[in-house]
Amino acid sequence: MAKQVKEPLKEEDKRKLNKANLKNLASVLRFMLPYKGLFILGLVALGLSTVTLLAFPRLSGELLDIANGKPTYFQTINQAAVALIVILLIQAVFSFIRVYTFAIVNERSMGSIRKAIYEKVIWLPLTFFDNRRVGEIMSRLTSDISTLQDTFSTTLAELLRQILTLVFGTAILFYMTPKLAAFMLLTFPVLVISALIFGKFIRKLSGKTQDRLAAANVIVEESLQSIPVVKAFTNEAFETRRYSNAIEESMRIAIYTARYRGFFISFVIFVIFSGIVAVGWYGASLVQSGETTTGELFSFVLYTSFIGFSIAGLGDIYTQLQRSIGASERVLDILHEKEEDTSRTTAPPIKLYGGIRFNNVSFAYPTRPDNTVLSGLNFEIRPGEKVALIGRSGSGKSTIINLLLRFYPLSEGTITIDGQNIEGLNLSAYRQNLGIVPQEVILFGGTIRENIAYGKPGATEAEVREAARRANALEFIERFDDKFDTLVGERGVKLSGGQRQRIAIARAILKDPAILILDEATSSLDAHTEALVQEALEKLMEGRTTIIIAHRLSTVKKTDRIFVIQDGALAETGSHTELTQHENGIYSTLLKLQLQ
Ligand SMILES: Nc1ncnc2c1ncn2[C@@H]1O[C@H](COP(=O)(O)OP(=O)(O)OP(=O)(O)O)[C@@H](O)[C@H]1O
């Protein structure tokens with residue numbers, strides 16, 4: 001917790017500790033329910049260790065009183081010292097139980113939240129990801145959970161400990177030295193509250209300085225990241241001026257803040273110590289008049305410092321609670337997201353043959369509802385047919401694939417496969433029938449074997465090997481020292497583009513889908529690798545309905561039909577030979593401009 005409380009709370013993290021917000025925090029607490037027994041044990045240990053420790057100041061005072069010949073509970077110094085050690089030992093045992101049980105509860109429940117969020121997120125539809133950056137989701141899983149973890153492991157325990165110290169400590173003071181306690185109660189709270197208010201004002205000012213500094217840092221980041229642009233426009237002097245203005249401003253605010261900070265620090269030192277002098281003066285006069293013993297005065301000072309630390313700690317706890325309410329809100333937002341309807345239910349496999357029909361399909365992405373990408377698109381692909389999608393960049397080719405994969409709901413129209421509306425089919429069972437070889441193949445950071453088997457989890461060694469062979473990948477895999485156990489590196493960086501493509505083909509072969517989607521790579525490979533990849537792809541396409549987003553003439557020529565997409569609709573269809581006969585047709589034009 002210590003590292004967290006030092007940072008000022010960001011404006012967006014500030015939350016009121018009202019009923020609704022605390023309810024949010026409590027509903028995250030439900031992840032702790034399975035461990036409530038342990039948690040209660042921890043709480044009891046915490047309570048006992050706090051209360052036990054509260055005997056410490058009194059017994060320390062007792063030491064002095066015995067020395068002065070005014071014992072209350074014990075006769076000798078030795079007895080009192082032994083009692084003190086026993087108290088400390090008991091306290092140590094309770095503390096251990098508290099820390100250990102809280103850690104177990106905390107780690108387990110936070111682990112459950114992490115797993116729940118990840119499981120939730122991975123099942124969410126693509127629309128969710130269109131609206132959020134990956135970094136944002138990552139921070140839900142990392143920093144927000146850490147904040148909650150801090151709260152549940154430390155803050156709640158601290159809160160309880162400090163409240164107990166405050167209540168019991170004050171009660172003991174009033175029982176032991178009522179006059180002195182009353183005198184202190186009249187002075188200290190006033191001092192503490194005024195220091196708190198002043199402190200808040202100073203923190204606000206420091207926050208402003210930080211903001212200014214952050215703004216100045218943005219200038220550094222922006223300009224250094226686009227250094228070629230700065231130089232090309234000869235704007236070095238301009239950027240220097242911009243940065244120096246920003247720094248001047250942050251310096252001005254920092255110095256302005258320093259004036260108040262200086263005043264604050266001297267105020268706190270003066271006022272707090274004056275308070276101590278006042279109480280000390282009154283305490284000493286009580287000792288002088290024989291109303292209080294030296295030991296009681298000593299105990300009083302110790303109790304007061306315990307209570308003082310508790311009050312000071314409450315401010316940090318408040319900040320941390322605000323922070324964790326923000327975190328719990330964001331975590332709950334994700335946990336309450338609507339999932340894809342049928343995705344998680346298990347359903348018997350569906351066997352499709354791959355006769356695809358788009359009936360009057362219109363579509364706009366949910367994030368940009370005004371931008372109609374497809375409007376009234378109609379086409380039919382027979383089972384086993386190979387079709388190339390051609391069109392200018394942004395014409396909607398990938399969108400057609402996205403809709404076929406049911407990544408987004410249609411705005412209008414239907415897509416049927418073998419006569420069945422795809423929206424009526426169980427999502428997972430349906431997607432089992434589709435295989436995709438993407439343009440940019442990104443592998444997972446495991447072994448080659450794991451990456452191929454991704455197409456069919458649980459595939460046998462022989463199946464993986466056969467898929468690799470048919471994908472023309474076996475030859476290069478065998479050349480690696482570790483063969484199928486070769487690690488591909490994060491995102492597959494240790495393999496070349498052509499090798500990654502063949503792994504992706506092997507993966508698709510293993511999946512054995514009825515419908516195959518190929519997003520042809522735009523980057524070209526060397527002639528030999530290209531031939532190997534092409535050959536593997538042809539084997540993969542055999543007997544499957546294939547839709548290719550094609551970028552090469554050689555690929556397009558081999559397909560049965562070409563669909564030219566323009567303005568979200570089908571502009572031309574036909575084979576390469578048919579379409580090239582229209583001299584001024586869209587295909588002929590594209591052919592001249594793009595494909596060759
Ligand atoms: N996730 C998305 N959210 C919002 N709009 C999108 C999204 N993906 C694509 N679009 C928009 O939909 C239109 C069609 O894009 P699409 O990716 O289907 O084109 P494309 O023909 O595949 O292009 P390219 O050949 O450049 O890949 C574009 O105007 C694009 O800006």
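Predicted model: local features only at pLDDT ≥ 70, side-chain atom pairs only at ≥ 80, totals over all residues.

**Exercise 1: Which way does α3 face?**

Task: work out which residues of α3 are buried, and what they pack against.

Solution. 
- Step 1. Get the dimensions. Helix α3 covers residues 36-53, 18 residues in all, and reaches 25 Å from its first C-alpha to its last, close to the 26 Å expected at 1.5 Å a residue.
- Step 2. Pick out the buried residues of α3: Phe 39, Gly 42, Ala 45, Leu 46, Ser 49, Thr 50 and Leu 53.
- Step 3. Look down the axis of α3: these buried residues fall within an arc of 130 degrees, so they line one face of the helix. As a reminder, an α-helix has 3.6 residues a turn, so residues three or four places apart point the same way.
- Step 4. As for partners, the buried residues of α3 pack against α4 (55-67), α5 (77-123) and α7 (134-176).

**Exercise 2: Now try α2**

Task: which residues are buried in α2, and which exposed residues does the face turned away from the buried side carry?

Solution. 
- Step 1. In α2 (residues 19-28), the buried ones are Asn 24, Leu 25 and Val 28.
- Step 2. Around the axis they cover an arc of only 95 degrees, which puts them on the same side of α2.
- Step 3. The face of α2 turned away from that side has Lys 19, Ala 20, Lys 23 and Ala 26 exposed.
- Step 4. The cover over the buried residues of α2 includes α5, α7 and α11 (294-335).

**Exercise 3: The span of α10**

Task: how many residues does α10 have, and how far does it reach from its first C-alpha to its last?

Solution. 
- Step 1. Helix α10 (residues 236-288) has 53 residues and reaches 75 Å, close to the 78 Å expected at 1.5 Å a residue.
- Step 2. Its buried residues are Ser 250, Thr 257, Val 279 and Gly 283, and their cover includes α8 (178-225) and α11.
- Step 3. Just after α10, Gly 290 takes a positive phi of about 80 degrees.

**Exercise 4: Around the ligand**

Task: how many residues surround the ligand, and which are the closest?

Solution. 
- Step 1. The ligand is surrounded by 13 residues, the closest being Tyr 365, Ser 393, Lys 397, Ser 398 and Thr 399.
- Step 2. Sort the shell by class: two nonpolar, eight polar and three charged residues.
- Step 3. The largest share of the shell, three residues, comes from helix α12 (residues 397-404).
- Step 4. Zoom in on Thr 399, which is found in α12. Thr 399 is buried because it has 21 other C-beta atoms within 10 Å.
- Step 5. Leaving aside neighbours within four places in sequence, Thr 399 is in contact with Phe 363, Val 373 and Leu 374.

**Exercise 5: Finding the cores**

Task: how many residues does the largest nonpolar core have, and which helix gives the largest share of this core?

Solution. 
- Step 1. The largest nonpolar core has 63 residues; Leu 389, Ile 390, Ile 452, Ile 503, Ile 505 and Ala 506 have the most contacts inside it.
- Step 2. Helix α17 (residues 497-511) supplies the largest share of this core, seven residues.
- Step 3. There's also a second, separate core of 18 residues, which includes Tyr 35, Phe 94, Ala 157 and Ala 327.

Note on methods
Residues numbered from 1 in each chain as written. Core = buried A, V, L, I, M, F, W, Y, C linked by C-beta atoms within 7 Å. Buried ≥ 20, exposed ≤ 12 C-beta atoms within 10 Å, placed from the backbone. Helix = DSSP H or I, 4+ residues; strand = E, 2+ residues; numbered from the N terminus. Near = placed C-beta within 6 Å. Nonpolar A, V, L, I, M, F, W, Y, C, P; charged D, E, K, R; others polar. Expected span 1.5 Å × (residues − 1). Arc of directions from axis to C-beta. Contact = placed C-beta atoms within 7 Å.
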